Amino acid sequence: MIEPAALVRVPAGLSLLVAGALNVVGRTAVASVESQRISAGDVVLVSGAAGGVGILTAQLCVLRGARVFGTASARNHAMLRRLGIHPLAYGGDLVDEVRAAGGCRTRELTLIAGLLADGAIELPIDSVHPLENVREAYDRSIAGHATGKIVIVTDLSTPSPGLGGDHSFRR
């Protein structure tokens with residue numbers, strides 16, 4: 001039985017098809033934007049901007065007045081432009097593209113990286129998974145028992161020591 005408090009009325013003008021697709025992607029997009037306190041003047045990079053969560057996240061950021069860059073396949077670039085999102089192609093040198101587009105703000109990363117390097121704070125690495133085991137990493141994440149960050153890598157060389165947590169690969 002479904003509790004009435006768990007139901008949401010479909011607003012006039014919204015199809016049942018779209019409404020039915022909103023549960024996870026809609027809540028995730030709203031939570032992402034709210035958790036980062038996106039506001040006018042911010043510069044945001046949305047990875048996978050043409051996907052379910054990405055397209056909603058990017059548009060919410062635009063509505064808040066942020067300058068939004070989004071990675072997507074070339075076939076989706078026109079749609080992203082129409083929605084006010086500056087498209088960036090996958091591959092190539094994405095870092096240089098973001099910098100050239102004016103979207104590079106590294107102050108926060110420089111601050112946090114310095115604090116980590118100095119030992120003032122730590123980021124425990126819960127587990128490291130090779131890309132082919134992404135499903136295992138996802139299962140671990142949704143189980144809710146991870147401590148720190150779950151990392152997926154494409155290079156199976158030994159992770160850097162000193163980050164805390166369990167660095168062994170899950171295969």
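Which residue just after α3 takes a positive phi? In this predicted model, where local features need pLDDT of at least 70, side-chain atom pairs count only at pLDDT 80 or more, and totals for chains, interfaces and linings use all residues, the residue is Gly65, with a phi of about 95 degrees. Residues are numbered from 1 along each chain as its sequence is written, and side-chain values use heavy atoms, with hydrogens and water left out.

Let's start with the overall layout. The protein has 7 helices and 5 strands; helices (H or I, at least four residues) and strands (E, at least two) are DSSP runs, numbered from the N terminus. Reading from the N terminus on, the order is α-α-β-α-β-α-β-α-α-β-α-β. Of the 171 residues, 22% are buried, where buried means under 20% relative accessible area, exposed means over 50%, and partly exposed is in between (1.4 Å probe, protein chains only). The protein exposes about 11600 Å², and carbon and sulfur atoms supply 59% of that area; accessible areas come from the Shrake-Rupley method with a 1.4 Å probe, and for residues only the protein chains shown count as cover. As for contacts (heavy atoms within 4.5 Å), 50% of those with a separation of 6 or more are between residues 24 or more positions apart.

Now for helix α3, which takes in residues 52-63. Its 12 residues reach 17 Å from the first C-alpha to the last, close to the 16 Å expected at 1.5 Å a residue; the expected span is 1.5 Å times one less than the number of residues. Gly54, Ile55, Thr57, Ala58 and Cys61 are the buried residues here. They sit on the same side of α3, because they cover an arc of only 165 degrees around the axis, the arc being that of the directions from the helix axis to the C-beta atoms. These buried residues pack against α2 (22-35), β1 (43-46), β2 (67-72) and α4 (77-82).

Leu60 also belongs to α3, but it counts as partly exposed, at 28% relative accessibility. Leaving aside residues up to four places away in sequence, Leu60 touches Ala29, Val30 and Val33. Leu60 and Ala29 are 31 residues apart along the chain, yet their C-alpha atoms are separated by 7.9 Å.

What about charged pairs? The whole structure holds 2 salt bridges, each a side-chain nitrogen of Lys or Arg within 4 Å of a carboxyl oxygen of Asp or Glu. One joins Asp126 to Arg140, with the closest N and O atoms 2.3 Å apart. Asp126 lies in strand β4 (residues 125-130) and Arg140 in helix α7 (residues 134-143), so this pair ties together parts that are 14 residues apart in sequence. Asp126 is buried, at 6% relative accessibility, while Arg140 is partly exposed, at 30%.

The side chains of Arg135 and Asp139 also meet in a salt bridge, at 3.1 Å from N to O. Both are in helix α7, and because they are 4 residues apart, about one helical turn separates them. Arg135 is exposed, at 54% relative accessible area, and Asp139 is partly exposed, at 34%.

Finally, there is a nonpolar surface patch. Leu17, Val18 and Leu22 make up its area of about 280 Å². Patches are made of residues with over 30% relative accessible area and no salt bridge, with like charges joined within 9 Å and nonpolar side chains (Val, Leu, Ile, Met, Phe, Trp, Tyr) within 5 Å. Val18 is found in helix α1 (residues 16-20) and is partly exposed, at 40% relative accessibility.
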